[in-house]
Amino acid sequence: MATSVRHTTLTLPAAPLGPDNPLPALHATDDPHRVELGPDARLPADMARRIGYAPLRSILPTRMRDGYGRDLRSTDVDALVLENDRLRATVLPGLGGRVYSLHHKPTGRELLYRNPVLQPAAFALNGAWFSGGIEWNIGATGHTTLSCAPLHAARVPAPDGGEMLRLWEWERLRDLPFQVDLWLPDGSDFLHVGVRIRNPHPRTVPVYWWSNTAVPEDEGSRVLAPADEAWHLDYARTLRRVTVPDSEGCDRSYPLRSEYPADYFYAVPDGARGWIASLGADGRGLVQTSTDALRGRKLFLWGAGWAGRRWQQWLTAPGTGGYAEIQAGLARTQLEHVPLEAGGEFAWLEAYGPLAADAATVHGADWGAARTEVETRLSAALPRADVDAAFAAWRPYADHEPKESLATGSGWGALEVARAGLTLPGTPFVADTLGAEQQPWLTLLTTGDLPAADPLPGPALVAPGWRELLESAAPGPATDYHLGLAQWHAGDRAQAVRSWERALARRAGCLPLYCLAVAESAAGEPARAADRYAQACEEAARAASEEGPRARAWQAVLPALAREAVPALVAAGRTEAAAQLLAGLRRTGPADGRLQLLTAQVLLAQGQPAAAREIFDAGFEIAALREGDEALGDTWYAIAERLVAAGGPVTEAVRAAARAGHPLPERYDYRMRP
């Protein structure tokens, strides 16, 4: 039975994603994985170069996805099922092409961690992400901006004569098309995945890819990979090289033997077969392997401490078992980006399937023997030569045109094809996928000018080709505003400020004021930033009070703007203005928890710690709390210190007394480091 592909519908408790943040994402990425090199990091030369290569300045042109809440409701989710006589894989094309489930029929085992709910959380580069399954991370260090976005999907012929499921999309951070082909050869216990990333530009582009697999964990779960050392990174952000599996007196290959969340990037020897496995106490579990282009292997563990348990509760349903992540990437670590030359491509094949090994050997004290046992079993189940042969067989099929569309992604790829006249065999970005978001840019492409109306909250384009079109377009409020975004994205900050000032002179309103506020803040001018934020809020309130469809677009801007304006006003000592801004907002959506925290912070800045404490005592939660965000704990302890000090100085003795007398409640404790 070769692969068959069919539609199905999953009914799951899910929190709606809500609208994207209406403001342009100008801020530098707050990456919890940014790194300081420890004295014992011992990085290879190519790895050291790539760690500093082409970091993101922001997530432009994408926008933040932070409009979701935590109200789960029964939801029908479109799914595609690939099946042969051994395996059944369930894929969610509308949610980043996530492989939600991989079921092994002969044993009745689910090989992946299958999350029983779809609860977005702020782990992706642009916010919304959910845990579980196999995800395809492309773009830059972190979870992809496509985590909760639709991909194109279609049937294509598979190398063995069956059917293959193709997923493809245009990744906007690096401006690259990619595809993921999934199939199950007749009689195979392994899901085959062919991946291709192409660079159609006349310039070298930085590339990032990590395939991320969530696997069930329990006390007996062990993760194995072909390495004796790894680079360890935790939320203290120090990278150091450690031995595997024992480090600091603990066997870190058992995820629940560590206390705090951490990454282990395995130092797989050059020429060794790439694989990683997670096996339970019975020696059974999942193994992933690939052709040699995918050289990196990683374990992410939550650990057994409160931090990991708290976050896993946040991401899933009560009473659900935990998970760890086993990953594979183009580079040794997720801190690196790999250059892809003009007109070039990266391509490889991955395989995912069950593995049964001798439990006593896998869990024995001899790490070398445990690894050899897994390698021997993997070689018997799927020889390395067979993976290479499957890759060679797939390569001609990567260009086969889809024969039946199964799902539709965005229109951004079609817009790029129209702009550059690209030919991309196998991944058609067709004109009928162009939608309302692309229409202003089609106008620029066909007429040389953006529509003359003032800029509204919405998508932007910042790649070099679009910047050139904006530079040659007739000046106007929208053109100057968008040109500023493209210049900011390119690092031309002085030019961006000049463009936004021109847009403001043309009465473009709130959006260039917001951009100028961010620019002033980045330049270390808190008073001027506060002025700009206050003016932007006034303009947004005025636009939102008008009648008609344009007013509705601005009504979502005010709370998003307030979440940034309030801290800026407080930093400039304008606490009364911050309090008035918060008091004037309607609090009806999932962002209310963030506004509650801001209110407490303003009260604290006004010398009212008791009133600030009342907000915490009443209880609130922030649906879009960022990974590694310590604002809740920091604010709680700052309040406690002022209460203990009773108006006096906050000394070390006061700080210690506050921590002893006012321990952080569990509901607010999301700390991921000691």
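The legends below describe close-up views of a predicted model.

Residues are numbered from 1 along each chain as its sequence is written. In this predicted model local features need pLDDT of at least 70 and side-chain atom pairs count only at pLDDT 80 or more, while totals for chains, interfaces and linings use all residues, and side-chain values use heavy atoms, with hydrogens and water left out.

View 1. Helices (H or I, at least four residues) and strands (E, at least two) are DSSP runs numbered from the N terminus. Along the principal axes, the C-alpha atoms fill a box of roughly 70 × 70 × 50 Å. Of the 674 residues, 58% count as buried; buried means under 20% relative accessible area, exposed over 50%, and partly exposed in between (1.4 Å probe, protein chains only).

**View 2. An open sheet of 9 strands has antiparallel pairing.** The strand order is S16-S22-S23-S27-S13-S12-S11-S10-S28. At the edges are S16 (222–224) and S28 (404–407), each of which pairs on one side only. From one strand to the next, the twist averages 20 degrees. Two strands pair if DSSP finds at least two bridges between them; S16 and S22 (residues 275–279) have 3 bridges in the antiparallel sense. Valine 223 has serine 278 in S22 as its bridge partner.

**View 3. Helices H4 and H5 lie across strands of this sheet.** H4 lies across S16, S22, S23 (284–290) and S27 (345–356), at about 75 degrees to S16. H5 (residues 384–394) lies across S11 (163–171), S12 (176–183), S13 (191–198), S23 and S27, and runs at about 135 degrees to S27. Axes are lines fitted to C-alpha atoms, for helices over the stretch in contact (heavy atoms within 4.5 Å), and angles run from 0 to 180 degrees between N-to-C directions.

**View 4. Strand S21 (residues 262–266) is mostly covered.** Of its 5 residues, 5 are buried. In a regular strand the side chains alternate between the two faces of the sheet. Here Ala262, Tyr264 and Tyr266 point one way, and Asp263 and Phe265 the other way. S21 pairs with S17 (residues 229–234) in the antiparallel sense over 5 bridges, and 4 bridges join S21 to S24 (residues 296–301), also antiparallel. Phenylalanine 265 is the bridge partner of tryptophan 231 and stands opposite lysine 298 in S24.

**View 5. Arginine 155 and glutamate 163 form a salt bridge.** The term means a side-chain nitrogen of Lys or Arg within 4 Å of a carboxyl oxygen of Asp or Glu. The closest N and O atoms of this pair are 3.1 Å apart, and both residues are buried. The structure holds 48 salt bridges. Among them is a network that links Arg6, Glu83, Arg88 and Lys105.

View 6. Glutamate 373 is buried at 13% relative accessible area, whereas arginine 377 is partly exposed at 37%.
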